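Grab a viewer and work through them before reading the solutions.

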Amino acid sequence: MKYLLSVFCITIFCSNMVQALNIIMPEDIFTPVQAKNGMVVTSEQIATEIGIQVLKNGGNAVDTAVTIGFVMSVTFPQAGNIGGGGFMLLYSAKNNKVIAIDYREKAPAQATKDMFLNKTSEIDYQKSQFSYLSAGVPGTVAGMAMALEKYGTLSLAEALAPAIKLAEEGFIVNHTFSNSIKHRAKNFQQHPTTTAIFFKPDGSFYEVGDIFIQQDLANTLKLIASQGIKGFYTGKIAELIANDMRQHGGLITTADLANYQPKLREPIFGTYRGHDIYSMSPPSSGGTHIVQILNILENYKLAGHNTAATIHLMVEAMKLAYADRAKYLGDTDFVTVPVKGLTSKLYAASLIQQINKLKATASKDIYAGKPTSYESNETTHYSIMDKEGNAVSNTYSLNFSYGAGIVIKGTGMLINNTMDDFSSKPGQPNAYGLIGGIANAIEPNKRMLSSMSPTIVLKNGKPFLITGSPGGSKIITTTLQVILNVIDHDMNIQEAVNAVRIHHQWLPDQIRIEKGLNLDTIKLLTSMGHKVVVKNTMGDASSILIKNGLYYGASDPRRFGVALGY
Ligand code: DON
């Protein structure tokens, strides 16, 4: 009855929200959504619908991306955020240029190399993943504002308006949201500020059909709308964050917030079988290793999709790349990363000498290479095309689903736990099993290494493929496989996104696969010396392919995203 009542009330008062319950499905699971003027693919239905509305109202891809960024902080708090950070890659049709905006979180000024080690010098994962200490200085608000100011047409207040309305008036709780809260409930209950928001006043769960209102978050977003980024990085919100940190052993101060700056970065560039690949540069490792793996694979003719021979080559290339990641990758403002060398065709040509086409090389026998030129459990990705041909590929995150699980008192804002992406102790894995060393050691004001890989592929100088994914360490290999499936295996974008994925990250020495890989293929891989393990699905690659002047959008069937075009 309560469900019926809430649906009735929404039908009367919020007709556009009711649309949010209508699941829009393509004709079959292998048919992408097709459109001529604009395309939006996100992991959340309301965000996609609002994004399309921005495009229809004459906004460009960046206006849409920023509006969606704020909307998802309300409707998809698992990963959408103002308390985290990320990376935006955009193609400006007017300038025929791909631009990268780095709004990754930074370590607070008081952070120290050993801050997560206990008395016996082991990593205290409770501290690095679930405490106030696990939070980096958030970058999303500054990054979104920078994108809008440089490449958008809307004001910050206009881009924030839909998010404020959704926070203040609420939205209908769906299965994904309700279940995700239940999943983290124990953790949330340790923090009264989080409990107050993600549980009903009587302590019960929000269920499907309920309305979810976030008044504190609405007030925070309103302050940003009226004061610009100052409304977040200085004044009341900054003080609320710093006070809460001080009271709970966290490190972020008002000075950390006031000093935060997003950065324009040179994107990683490479080529692959006649396509131009642009992806994210450090402090993300994503672009570097996608290009490195593509460079290796370009030396081979791949013998069909997901055959043992193809998977073997992919996996051998992945191991070499992830071994290099562990040694070389970090924030280029602090350490020298040999990006040119790692992404050069020459280096790839030297690496293929180590690949035996018939036999797996054990990870213990793989070490980081010597690139020649040495020069100076939730994220979300969305892809957008507008009618002028501008593209946005954006991945942002709180790190885990709901970040540290901590809402900062009085702000309605969840804080990230991205400090765990640093290498807290050389050789010791983080939450994604990734290891690292000095290049990614904790230092004050340094950005922690990421795997986020927003990617734009150009063909004949124009956008061809917009893709990226969540998935921690698996982001790189998920994004890679969407590219390979389109370019090498001639799949349409929905097929490319749907196809069974594999992953290897050097350590642990195993090929992780999704269910659905042929048993004969697994047997062949095992006979070549690989260890194969079947685990949960990987990634959520909201992608767009552009062909013959049409936009083809594909949301990932692994999760609950929606593609819409017009
Ligand atoms: O930046 C990174 O690499 C991680 N913080 C991303 C986390 C992530 O993708 C979790 N989602 N599934």
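**Exercise 1: ligand contacts**

In this predicted model, the side chain of N399 has an N or O atom 2.8 Å from a nitrogen atom of the ligand. Find which polar atoms of R104 and G471 lie by oxygen atoms of the ligand, then work out how much of the ligand's accessible area the protein covers.

*Solution.* 
- Start with R104: a polar atom of its side chain sits 3.0 Å from a ligand oxygen.
- Move on to G471, where a polar backbone atom is 3.0 Å from an oxygen of the ligand.
- Now the cover: on its own the ligand has 350 Å² of accessible area, and the protein covers 97% of that.

**Exercise 2: the shell and its space**

Describe the residues around the ligand by class, and say which space the ligand takes.

*Solution.* 
- The ligand has 14 residues around it, with T379, D421, S450, S451 and G472 the closest.
- Sort that shell by class and you get four nonpolar, seven polar and three charged residues.
- As for the space, the ligand takes up the largest cavity.
- That cavity's volume is about 220 Å³, and among its 24 lining residues R325, D421, L449, S450 and S451 are closest to the centre.

**Exercise 3: the other cavity**

What classes of residue line the second largest cavity?

*Solution.* 
- The second largest cavity holds about 80 Å³ of space.
- Its lining has 13 residues, with S73, L217, G412, M413 and L414 nearest the centre.
- By class, that's seven nonpolar, six polar and no charged residues.
- For the largest cavity, the lining splits into nine nonpolar, 12 polar and three charged residues.

Key
Residues numbered from 1 in each chain as written. Predicted model: local features only at pLDDT ≥ 70, side-chain atom pairs only at ≥ 80, totals over all residues. Heavy atoms only, no water. 1 Å grid on protein atoms, 1.4 Å probe; cavity = no way out; pocket = protein on both sides within 12 Å on 5 of 7 lines; lining within 4 Å. Points joined across faces, edges and corners; volume = space filled by probe spheres on them. Nonpolar A, V, L, I, M, F, W, Y, C, P; charged D, E, K, R; others polar. Near = heavy atom within 4 Å. Polar contact = N/O pair within 3.5 Å; in protein donor to acceptor, adjacent residues only side chain to side chain. Areas by Shrake-Rupley, 256 points an atom, 1.4 Å probe, with all protein chains shown as cover. Sits in = over half its atoms within 2 Å of the grid points.
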